[in-house]
Amino acid sequence: MEKILVSTLYIVSTPIGNLNDITYRAVEILKNVDVILCEDTRRSRKLMTHYNIKTKLRSFHDYNEEKVLNEAINYLKIENMSVALISDAGTPLVSDPGHKLVKKCIDENIKVVPIVGASSILAALVTSNLSPYPFYFYGFFPRKKKSYESVLNGINKLLCTSVFFESPKRIKETLLIMYKFLGNRKITLARELTKKFETISYFELKDVDQMNFINKGEYVILVEEAKKNDKYSNKEVLKEYNKFIDMGVEHKKSMEIVSKELKISKKDVYRIVKILREDK
């Protein structure tokens with residue numbers, strides 16, 4: 001059995017669905033630390049019961065992060081206890097609370113040990129039909145218009161696979177927004193990973209409007225990288241178009257000129273101009 005280190009924070013990965021997807025080492029750590037910090041004690045107790053782990057659970061989430069952070073530092077630094085941090089599913093800190101705690105531990109010279117395991121991001125990535133590296137993980141797709149516009153304009157130039165989380169209630173709306181800003185791209189959708197009803201779907205953004213989506217289970221969205229000849233963001237295309245409009249050039253002619261100058265298709269110029277002008 002691995003010796004548990006005192007005054008040490010263990011970052012422990014837990015299953016993302018299938019309870020068997022946990023390492024022997026993770027179970028040992030969870031059984032033998034002094035306290036486990038978790039997002040939801042009710043959800044985590046199911047895992048604890050399955051593996052007969054009787055360690056004390058302490059809730060640690062966005063709403064009590066500051067308070068429990070100080071308690072955890074006290075456990076680690078003053079009481080010389082060992083502490084494990086877990087999330088509801090997968091690897092902690094990835095779209096979950098915990099970064100402040102890890103940073104504080106490092107600032108206080110408290111040892112931090114990663115216990116690796118399941119990750120929905122990597123599971124989706126390696127089963128997609130898209131390039132597995134490089135990739136860029138954004139977390140949950142932004143809800144505010146200005147935020148998602150900024151993100152999607154950046155993706156227009158990004159030569160790597162983009163990865164997002166999204167809720168089942170917003171998945172279709174989000175994909176339609178992506179199509180408006182990115183044009184047609186290959187997409188992989190993964191939901192209920194490692195569970196009984198796991199589904200991994202491969203399609204193109206142009207087909208989203210005709211598709212029906214299951215309103216259950218968080219989605220991982222993977223978006224194809226930009227084409228290497230996509231040198232201009234949507235805003236840059238619109239700016240160039242507006243330059244000719246301001247000079248008095250007719251609408252259709254302005255788009256033709258922009259298409260030739262920037263070496264992009266007339267269809268893409270039309271789509272970008274239409275979307276961005278309507279969104280103002």
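## A question to start

At 24% relative accessibility, does F137 count as buried, partly exposed or exposed? F137 counts as partly exposed, because buried means under 20% relative accessible area and exposed means over 50%. Keep in mind as you look around that this is a predicted model.

## The chain as a whole

Let's step back and take in the whole chain. It contains 10 helices and 10 strands. Its radius of gyration is 24 Å, well over the 19 Å that the globule rule gives for 280 residues, so the chain is more spread out than a compact globule. You can also see this in the C-alpha trace, which spans about 75 × 40 × 30 Å along its principal axes.

Of the 280 residues, 46% are buried. The chain exposes about 15,600 Å², and carbon and sulfur atoms supply 52% of that area. Now think about who touches whom: if we take contacts between residues at least 6 apart in sequence, 71% of them join residues at least 24 apart.

Next, find the aromatic side chains. Searching the whole structure turns up seven aromatic pairs. One of them is F137 with F165, an edge-to-face pair with 5.0 Å from centre to centre and 65° between the planes. F137 sits in strand β6 (residues 135-140) and F165 in strand β7, so this pair ties together parts that are 28 residues apart in sequence. While F137 is partly exposed, F165 is buried, with a relative accessible area of 6%.

Y138 and F164 form another aromatic pair, this time stacked, with 4.7 Å centre to centre and 10° between the planes. Here too a residue of β6, Y138, meets a residue of β7, F164, so the pair ties together parts that are 26 residues apart in sequence. Y138 is partly exposed, at a relative accessible area of 24%. Ring pairs also build a cluster, linking Y136, Y138, F141, Y148, F164 and F181.

## A closer look at F164

F164 deserves a visit of its own. You will find F164 in strand β7 (residues 161-166). How buried is F164? Its relative accessible area is 0%, so F164 counts as buried.

Which residues does F164 touch, leaving aside those up to four places away in sequence? They are Y138, G139, F141, V151, I155, M178, Y219, V220, I221 and V223.

Now move along to helix α8, which covers residues 234-246. This helix has 13 residues and reaches 18 Å from its first C-alpha to its last, close to the 18 Å expected at 1.5 Å a residue.

Where are the buried residues of α8? They are N234, V237, L238, E240, Y241 and F244. These residues cover an arc of only 160° around the axis, which puts them on the same side of α8. The face turned away from that buried side carries the exposed residues K235, K239 and D246. Just after α8 comes G248, which takes a positive phi of about 95°.

Definitions and conventions. Residues are numbered from 1 along each chain as its sequence is written. This is a predicted model: local features need pLDDT of at least 70, side-chain atom pairs count only at pLDDT 80 or more; totals for chains, interfaces and linings use all residues. Side-chain values use heavy atoms; hydrogens and water are left out. Helices (H or I, at least four residues) and strands (E, at least two) are DSSP runs, numbered from the N terminus. The expected span of a helix is 1.5 Å times one less than its number of residues. Buried means under 20% relative accessible area, exposed over 50%, partly exposed in between (1.4 Å probe, protein chains only). The arc is that of the directions from the helix axis to the C-beta atoms. The radius of gyration is taken over C-alpha atoms; the globule rule is 2.2 Å times the number of residues to the power 0.38. Contact means heavy atoms within 4.5 Å. Accessible areas come from the Shrake-Rupley method with a 1.4 Å probe; for residues, only the protein chains shown count as cover. Rings of Phe, Tyr and Trp (its six-membered ring) pair if their centres lie within 6.5 Å; planes under 30 degrees apart count as stacked, over 60 as edge-to-face and the rest as tilted.
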